[in-house]
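Hello,

Here is the structure I promised to pass on to you. Have a look at it first, and then read on for what I found in it.

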Amino acid sequence: PVWSPDGNSLAIRANRSDHFTVYARGLNGLGGEQLLLQSPTNANIHDWSRDGRFLVFTQVDPGGATGRDLWILPLDTHTPYALLSAARNQNFPRFSPSGRWVSYQTDDSGRNKVYVMPFPDSGDKWEISPDGGIQPIWRADGRELFFQAPDNTIMAVDVREGPKRIEFGPPRPLFQAAITFFVTDQPSWTWDVTPDGQRFSIILVREDPAPVTLVTSWQADLKH
């Protein structure tokens, strides 16, 4: 689920037929679901722009020419269009708080890295994680961008946004955690950060898995 900017609705993806589609549901208990997107392949919704006008989602190219691509759904026309298509996979997009940029991860270089690109006009892009990274998340004021490094360290990058350009400081480590990574055809977020950037919600790998008991003589025990 993805919250609307006013907190009154949720955009959800649901498998009601043979693939995932996107719906909106109000939280006031009135009315039913509203179909937002009938995707030809499994759509995975990621973020809702702060002005309420756009959803950003990913889906695999149905023709097979590219991998997983970034798509935009304008909520006034409900006519989706591709924001970024490439030979490999683009994942985990999020709008900046100002709505002028989109962060995402891509494995176009052979390993996952975090980038930022302009929105709505594509063009230049900025590499944020030269040593690799996934799942970028903006602080609510747009002055920091967080991402997960390959060694499960949460990194922070200072952001300076001007009228026509954006600049990024070097990544700095915050803390390390055993963050779960879901290997699935529907990429799932495994962490998030509060608007002030001070608290983190993380799905962790269990360090003390439940023991497995193997009973080898169970047939003999049934005779007693």
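Two strands are said to pair if DSSP finds at least two bridges between them. Please keep in mind that this is a predicted model.

Let's begin with the whole chain. Of the 224 residues, 45% are buried. The chain exposes about 12,400 Å², with carbon and sulfur atoms supplying 52% of that area.

Now zoom in on strand β14, residues 144–148. How many of its five residues are buried? The count is five of five. Glu-144, Phe-146 and Gln-148 point one way, while Leu-145 and Phe-147 point the other way. In a regular strand, side chains alternate between the two faces of the sheet.

Which strands pair with β14? One is β13 (residues 134–138), which runs antiparallel to β14 and is joined to it by three bridges. Here Trp-138 stands opposite Leu-145. The two strands form a hairpin with five residues between them, and Gly-142 in the turn has a positive phi of about 80°.

Another is β15 (residues 153–161), also antiparallel to β14, over five bridges. In this pair Phe-147 stands opposite Met-155. β14 and β15 form a hairpin too, with four residues between them, and Asn-152 in that turn has a positive phi of about 70°.

Happy exploring!

Notes. Residues numbered from 1 in each chain as written. Heavy atoms only, no water. Buried < 20%, exposed > 50% of the residue type's maximum accessible area, 1.4 Å probe, protein only. Areas by Shrake-Rupley, 256 points an atom, 1.4 Å probe, with all protein chains shown as cover.
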